[in-house]
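Please look over the chain below before reading on. The text after it goes from the whole chain to its parts.

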Amino acid sequence: MKSINIGIIGGGLMGREMASAFARWCALQDVTVRPVLAAVADLNPATLEWFDCIPSCTQRTTDYKELLANPAIDVVYVAVPHNLHEKLYCDVLNAGKDLFAEKPFGIDLPSAKRILDAVNASGRFVRCSSEMPFFPGAQRALAMARGGEFGRVLEVVSGFHHSSDLDPTKPANWKRNSATCGEGGVLCDLGMHACHIPLRLGWKPSRLFAQLQRGYSQRPDGKGGMAVCDTWDNALLHSWTTIAGEEVPLRMEMKRLAPGATNSWFLEILGTDGGVRFTTAEPKTLWVFERGKEQWWKRTELGFATPFKTITGGIFEPGFPDIIQQMWAAYLMEREGGLGARFGCVTPEEAVASHEIFAAALQSQATQSVVAVG
Ligand SMILES: NC(=O)c1ccc[n+]([C@@H]2O[C@H](COP(=O)([O-])OP(=O)(O)OC[C@H]3O[C@@H](n4cnc5c(N)ncnc54)[C@H](O)[C@@H]3O)[C@@H](O)[C@H]2O)c1
């Protein structure tokens, strides 16, 4: 296997998750490349200490420019607050490295467009993180949609729910402040997850009406005081898209205040002849609708049918760390020109398209009207 040296900028929640996916790469069978975590940069020295457990990670620095100056690094993954995306992504490209970006790919639409311009000018290989479509159930739904198995599509629902903001004692962090998370709030935080598959299928909304709700206006700041929280926490986007020449309702849901939900990504496509439902709350279960003389919702246990084969037995159930690894396999194999017919990561153009949806949603909320997208 060819080794690809990876540098991570931002060793927080997602930086560590990615590092652990590389550490378990031996689980993958049909890949020709292997990521080697060689360097990590984070402002916080205590955060860097965790990376002591990865022997290959010999460069640990509080200055990301030192990581970018390391000639051994091939690919840089950046997982920092949204207000830093544009600067750091452009610095990675200017350093001549390939980039695996985090969503939302810039703090707002103008920022995402500037990043896209920088990507095109650099000629580097760039994709954006969105792992949920790599669940086998999501892949099956995608294949059914591409195969036209639903007849005339009647409606589509795509969303991501969690409930961690229901607890008012949870301390504030950068995701609860518009200056660092973005004016879009939950749209910037969870929106890409809801957009990835509809955009990949060519189901971009043409116009939408948005209902946005804020969460608690202040939270403990973790230092004995209170911090202002001003972001949108829940978003319902009621949109129209065009599928096979017909206008179809597409609802996108992104919620940080969804009672009972932990990290539930879901997709539902309903048509005249068939339908499909998948949620990561039931990670190996696929519901398929069939219409005959009678009508059925059939429940299937899919098991471990991931896009890239692994040593894991087919009857076992996949989880978040598995699909993070699948997403990295897709990124690295596409970079090598070996993705084939498999599903690829979010492209820079799709990331800009998602920001066009978020910008329209903010405008719709402000004007309480239906707004054209893009
Ligand atoms: N794909 C997913 O499922 C998923 C899930 C959560 C977060 N994210 C995204 O990942 C990104 C990071 O989110 P997170 O939850 O990991 O945040 P986090 O707060 O846990 O980690 C961010 C890290 O960046 C570091 N940092 C900040 N400024 C820096 C700088 N100038 N140089 C180096 N390090 C710096 C911080 O010290 C912190 O350790 C965001 O874009 C977020 O939207 C994606």
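This is a predicted model: local features need pLDDT of at least 70, side-chain atom pairs count only at pLDDT 80 or more; totals for chains, interfaces and linings use all residues.

Laid along the principal axes, the C-alpha atoms fill a box of roughly 65 × 50 × 40 Å. A compact globule of 374 residues would have a radius of gyration near 21 Å, and because the protein chain has 21 Å, the two agree.

The chain is divided into domain 1, residues 2–128, and domain 2, which is made of residues 133–316 and 345–372. Between the C-alpha centres of domain 1 and domain 2 there are 25 Å. Where they meet, 23 residues of domain 1 are in contact with 26 residues of domain 2. On the domain 1 side, the elements that give two or more residues are α5 (109–122) and β6. Helix α5 gives the most, with 6 residues. Sorted by class, that side of domain 1 has 14 nonpolar, 4 polar and 5 charged residues.

Strands of a sheet pair through backbone hydrogen bonds, in either a parallel or an antiparallel way. The model has an open sheet of 6 strands in the order β3-β2-β1-β4-β5-β6, with parallel pairing. Its edges are β3 (59–61) and β6 (126–128), each of which pairs on one side only. From one strand to the next, the twist averages 25°. At the β3 end, β2 (residues 33–41) and β3 are joined in the parallel sense by 3 bridges, and Val40 stands opposite Arg60 in β3. Helix α9 (residues 320–335) packs on this sheet and touches β1 (2–9), β2, β5 (98–101) and β6. The direction of α9 makes about 105° with that of β2.

A second sheet, also open, has 9 strands in the order β16-β15-β14-β13-β7-β12-β11-β8-β17, and its pairing is mixed. β16 (295–301) and β17 (371–372) stand at the edges with a single partner strand each, so one side of each is left without a neighbour in the sheet.

With β12 (residues 246–255), strand β7 pairs in the parallel sense over 6 bridges; His161 has Lys255 in β12 as its bridge partner. With β13 (residues 264–271), strand β7 runs antiparallel, joined by 8 bridges, and Glu155 has Leu270 in β13 as its bridge partner.

Strand β12 in turn is joined to β11 (residues 232–243) by 10 bridges, and these two strands run antiparallel. β11 and β12 form a hairpin with 2 residues between them. In that turn, Ala244 has a positive phi of about 50°.

Helix α8 (residues 186–200) lies across β7, β11, β12 and β13, at about 145° to β12. Helix α10 (residues 348–367) packs on the sheet, where it touches β8 (207–214), β11 and β17. The direction of α10 makes about 70° with that of β8.

The ligand remains. Which residues come nearest to the ligand? Of the 22 residues around it, these are Gly10, Gly12, Leu13, Met14 and Glu102. By class, the shell around the ligand is made of 10 nonpolar, 7 polar and 5 charged residues.

Notes: Residues are numbered from 1 along each chain as its sequence is written. Two strands pair if DSSP finds at least two bridges between them. Helices (H or I, at least four residues) and strands (E, at least two) are DSSP runs, numbered from the N terminus. Axes are lines fitted to C-alpha atoms, for helices over the stretch in contact, and angles run from 0 to 180 degrees between N-to-C directions. Two residues are in contact if their C-beta atoms, placed from the backbone, lie within 7 Å. Domain bounds come from an automatic or database domain assignment. Ala, Val, Leu, Ile, Met, Phe, Trp, Tyr, Cys and Pro count as nonpolar, Asp, Glu, Lys and Arg as charged, and the others, Gly among them, as polar. A residue is near a molecule or strand if its C-beta atom, placed from the backbone, lies within 6 Å of it. The radius of gyration is taken over C-alpha atoms; the globule rule is 2.2 Å times the number of residues to the power 0.38.
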